[in-house]
Amino acid sequence: MRQVVHTACPHDCPDACGVLITIEDGRATRIQGDPEHPVTRGFLCAKVAKYLDRVYSPQRVLYPMRRVAAKGARSEVRGQRSEVQKPAFERISWDEALSGIATKLKSIADEHGPEAILPYSYGGTLGALNGASMDRRFFHRLGASQLDRTICSSAGEEGIKSVLGVKLGTEPEQFAHSRYIIAWGANIHGNNVHLWPFIEEARRKGAKLVVIDPYRTRTARCADWYLPINPGTDAALALGMMHVIIDERLYDFDYVAHSTIGFDALRERVLQYPPEKVAQWTGISAADIRKLAREYAMERPAVIRVNYGIQRSEFGGMAMRAVTMLPCLTGSWKEVGGGLQLSLSGAYGLNKQALEMPELMQKSLGRPARVVNMVQLGTALNSLGGPPVKALFVYNSNPAAVCPNHNDVIRGLMRPDLFTVVHEQFFTDTTDYADIVLPATTFFEHKDLQAAYGHYHLQISDQAMTPLGECRSNVDLFRTLAERMGFDEPCFRESVDSMIDRALDSPNPWLQGIDRETLEKKHHIRLNFGATESKISEGTDRSSSFLPFASGNFPTTSGKAEFYSEVLKQRGLDPVVAFTPSEESRHGAKSDTFPLELLARKADNLLNSTFCNLPNVRQMEKEMGALEMHAADADRRNIHDGDKVRAFNSRGEIVLQAKVNGSVPPGVVAARLASARGRVILTSSPQKNLPTWATRRRSIPSVLRWSFLGRDAGRIPAPCLGRFRLAAV
């Protein structure tokens, strides 16, 4: 029997593609994009187009496994029978696994208190249910420590919300109506590919595409104007642009007067950032800064697609704040095809309270549990007290590969007294330290509700096939584990459909009229923006366009876009905006000792450590293992294309192959992240009591500072920029 099932891609990507899966006799035989989806329009990215190879990979973990060797010993699944290369794990039943986990968690909670148990998850799936629902209920009821999930985007989100009050922006369909498009730290052609056709549509009608990026990305190679910028200087460029726009009176007087607050303070501040001064920081000439500012302000409508790269350096949140001010200054929020897009996720307003039920902590603890920042996992595992972490439960994440201060993390995971459970689709860096490994479903094998952060279309992702082997979804796992723990609350017996109903039962007016039954029939529905929409002009027959801030209405404390923020002032941060050079940039104190800046780049066809283990996906990445550099830096060190080079700083070193290709400006080099089974480490520290294979790894040097609106060392790591030296091997 043949059927086509509608699903949605849940991976950490803004596009959340509509996906059609063909099932024949219970087996998936084809994957394709849904041509009816208004944004993703029937095509898939290269990696998801190969997803059948992931689902049916012989490396899939299909059964519960228990460690029988020392921590750190690896296992590789050879076939569907869960054979392993080394006897690191043995297959056990689900009954054994659940009973063993429940017994251990109860014992730890009795001896040390339930906050000695730490869940660890992030963006392995962005489905509303399998991302954050039954798992949160379970850990809240248990009284486990809460995880502050900050590793990727919190700095940038704080930056944009400090101006706008919410994560909203220009919908992708509107880019087709733009006349001037800035891709600011956004490799759209590489990792936001479904926005690209709208940009090309605009360019066919005469729009100009400008790319601002320290690396010549796929998108930069396609641009009408490419501006290479020195890493970590984006705030300076935005301030320089605002200097020109205000000085030449190119801003929207009416919009600024009625819809913003703090303009006088901003006008005073930008006097400190004339283009000649900004040029010295950014590496962009004063003439080009003026040209960019004038074109952006005068070519209407103008839109900015800014991405999270600009917030992954010291003071990155302030950089995002500066860029976000630009459309508020020019009033481009009023225009179809104007504004800015970082994340649109703030529009969905699903009822997370009903899904996660934090009130369950009152039953277990009588108070909220303590909060552990996920980027400080190494510290939490090695030195946190009151109580110490005695159990780690990992799902939707691979912390041994992606978490900062890698060697501290590994040292903690190696602790013989740490009980670690990992729910995964494959053996990963983190399963190398697990006591129990549990088999997880892919999105083919469970049902979910899918929002997006790159468009405004809500989707149902139907279950296409029976889970392979004995795989279970996150929802099923934590439901059954709650039963083993003796949790008798009705919420742990709630069905998937009922949970979707709960998520949609929200006070958010933009969900009005959207229910599960309608979603199951239509598969995807645009949020109901109603009166906040404006008709697209020029006689087009396209649907209404969402203009969230056309009339102001910013959900800030002032109700306006905030060039001056009392909230930031109360937190001891600059209430306006400023550029402060990163301590480890070319403008910092360490520039003489370590003269080069490293960009630890995202690979175009991978997703952090996801997909790295699949040969047919890895082969699409031609630059893996390479260190890309400018000819001037290579000549100075007598390095030739193809040479092996040693990149090093005080934290560690790594040997890579030189690729002298002009993809970066002088003083900058780039290496692509491919964190698969420990091949790449982001940070280094003294290594003790580690297995032999771990101590032989090399480290990509990287910043250990933190990225936020200020130097707030408790927030976000900045793994994309660091200083180091280079030598031929």
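Two strands pair if DSSP finds at least two bridges between them. Helices here are DSSP runs of H or I with at least four residues, strands are runs of E with at least two, and both are numbered from the N terminus.

What I am showing is a predicted model, in which local features need pLDDT of at least 70, side-chain atom pairs count only at pLDDT 80 or more, and totals for chains, interfaces and linings use all residues. Residues are numbered from 1 along each chain as its sequence is written, and side-chain values use heavy atoms, with hydrogens and water left out.

I'll start with the mixed sheet. Six strands make up this open sheet, ordered β5-β4-β17-β16-β15-β6, and the pairing is mixed. At the edges are β5 (89-91) and β6 (117-120); each has a single partner strand, so one side of each is left without a neighbour in the sheet. On average, neighbouring strands here are turned by 20° against each other, direction ignored. For the angles, axes are lines fitted to C-alpha atoms, for helices over the stretch in contact, and values run from 0 to 180 degrees between N-to-C directions.

Take β6, then. Four bridges pair β6 with β15 in the parallel sense, and I117 has A391 in β15 as its bridge partner. Both faces of β6 are covered: I117 and P119 are buried on one side, L118 and Y120 on the other. Buried means under 20% relative accessible area, exposed over 50%, and partly exposed in between, with a 1.4 Å probe and protein chains only.

Elsewhere in the sheet, β4 (residues 65-67) and β17 (residues 436-439) run antiparallel and are joined by two bridges. R66 has I436 in β17 as its bridge partner. Two helices pack on this sheet. Helix α2 (residues 94-112) touches β4, β6, β15 (391-395), β16 (419-424) and β17, and its direction makes about 130° with that of β17. Helix α20 (residues 474-485) touches β15, β16 and β17, at about 150° to β15. Contact means heavy atoms within 4.5 Å.

Next, the parallel sheet. This open sheet has five strands in the order β10-β9-β8-β12-β13, with parallel pairing. Its edge strands, β10 (225-227) and β13 (339-341), each pair on one side only. Neighbouring strands are turned by 15° against each other on average, direction ignored. Within the sheet, β8 (residues 180-184) and β12 (residues 302-306) pair over five bridges in the parallel sense, and I182 stands opposite I304 in β12. Helix α13 (residues 286-298) lies across β8, β9 (208-212), β10 and β12, running at about 130° to β10.

Now a helix pair. Helices α9 (residues 234-247) and α12 (residues 275-282) pack at about 165°, with their axes 9 Å apart. The two are therefore roughly antiparallel to each other; angles under 35 degrees count as roughly parallel, over 145 as roughly antiparallel, 65 to 115 as roughly perpendicular and the rest as oblique. Which residues of α9 and α12 meet? On the α9 side they are A236, L237, G240, H243 and V244, and on the α12 side P275, V278, W281 and T282. By class, this contact has six nonpolar, three polar and no charged residues. Nonpolar covers Ala, Val, Leu, Ile, Met, Phe, Trp, Tyr, Cys and Pro; charged covers Asp, Glu, Lys and Arg; the others, Gly among them, are polar.

Last, helix α4 (residues 134-142). Nine of its nine residues are buried, including D135, R136, R137 and R141. G143 follows α4 and has a positive phi, near 85°.
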